[in-house]
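Please keep the structure open beside you as you read.

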Amino acid sequence: MRNADPRLVDAIESLARRLWGPEAALRALDRIAGDASSRSYFRAHLEGPAPPSIVVMELHGSSLSISSDELQTLAEQPREEPFVNVQRYMAGIGVPVPTLYHEDRERNIILLEDLGDCLLWEEACRATPQQKAHLYRRAIDIMLTIHVRGTHTPDPACIAFAQRFDERLFMWEFDHFIEFGIERRLGIALDSFARRRLSRHFARISAKLAEAPAVLSHRDFHSWNILLRHGALYLVDFQDALLAPAPYDLASLLTDRATPALVTPQLEAELTRYYLAERKRRESEAGRDFDAQADEFRELYFLAVLQRALKVIGRFYFLALEKGKSDYLRFIPAEVSQVRRAIEEASFDCDLLSAFNSYPWPEEGHPCGHWC
């Protein structure tokens, strides 16, 4: 703890004693990775009548800020930290999320259950094909709890139900791709014709996704936001939850970053069928009809894959350029390949593929085999 902020150390020790008694003590404090988050995370090793370790989330700035800039659409600022707000709702409907021990608003820190460091991605890399399929089906089971139970038990106190992936938000992300994925990354200033050409296609995709039936969505439901501990799966990074088209989370789980190196098109199709069949079963048990046609769902799914891949190209370059997180650049080649595949699979206007391929992407193909 020699290099740790003394104020943070004092805060953790004080809260540990308050929560678990005067004999609780802080033994060590290690910084841990936080993916693309702007928060800081630490693992606090405790002694005495306390958990052996806890995770400390340190918030920067106001603890009441929305996590993503593009979600700043609420009529008024939330009255509590979105992570805390959504965690309470998710835990209440049976989604496996970390236990929240304490929120200290004055010091902008949150104490959480330590779920370890084993990511679904890492476990899937080590798994046999059968084990891998089983892991992803279990993840989809958690997704369906959110999509079915969450959607049909809305809580006006939960911030997620006050936000929706609408045309404005989809277009915000497309514009983000144009700015950072093309203009800033490739050093190309789009003229008015090129911008209109892309925007016309993006507006069509945005409208089609926005008009699809919405469910409660995690928004970043992928293999780097799912942890395994003692064989159980747990979901993290859920503070940006909102209402979104049902295929969006599925597209995130099955195609994000380097996921296609593990989830082949055959497994992707199998897991999509599993989602539809299990969703129909759960809705039927609740006395509701779910008559989504496989072909229509597949088209929406690949439009969501396309939208996400374009967003990720821009976002990861933004993170590298503006936040100094250059490690995310290694995932961009897979996303470039994903864009081309999604356009073809969705049978979307071939002019979009022509427009995309007209730019000098430095990537060639999908970097399969180099991830695990």
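Predicted model: local features only at pLDDT ≥ 70, side-chain atom pairs only at ≥ 80, totals over all residues.

**The whole chain.** The secondary structure amounts to 11 helices and nine strands. The radius of gyration is 21 Å, close to the 21 Å that the globule rule gives for 372 residues, so the chain is as compact as a globular protein of that length. Along the principal axes, the C-alpha atoms fill a box of roughly 65 × 50 × 45 Å. Buried residues account for 56% of the 372 residues. Contacts also reach across the sequence: of those between residues at least 6 apart, 71% join residues at least 24 apart.

**Charges.** The chain carries 45 positive and 55 negative side chains. How far apart do the centres of the two sets lie? They lie 1 Å apart.

**Cysteines.** A disulfide needs two cysteine sulfur atoms within 2.5 Å, and by this rule the count comes to zero. Another cysteine, Cys158, is buried.

Here are two buried residues with their values, where buried means under 20% relative accessible area.

| Residue | Relative accessible area |
|---|---|
| Cys158 | 3% |
| Leu26 | 8% |

**Strand β1.** Leu26 sits in strand β1, which covers residues 25–32. With a relative accessible area of 8%, Leu26 falls under the 20% cut-off and therefore counts as buried.

**Helix α7.** Is helix α7 largely enclosed or open, and why? Helix α7 spans residues 247–255, and nine of its nine residues are buried, so it is largely enclosed by the rest of the structure. The buried set runs from Pro247 to Thr255 and includes Tyr248, Asp249 and Ser252 along with Leu250, Leu253 and Leu254. As a general point, an α-helix has 3.6 residues a turn, so residues three or four places apart point the same way. Just after α7, Arg257 takes a positive phi of about 55°.

Definitions and conventions. Residues numbered from 1 in each chain as written. Heavy atoms only, no water. Helix = DSSP H or I, 4+ residues; strand = E, 2+ residues; numbered from the N terminus. Rg over C-alpha atoms; globule rule 2.2 N^0.38 Å. Buried < 20%, exposed > 50% of the residue type's maximum accessible area, 1.4 Å probe, protein only. Contact = heavy atoms within 4.5 Å. Lys, Arg positive; Asp, Glu negative; His and termini not counted. Charge placed at Lys NZ, Arg CZ, Asp CG, Glu CD.
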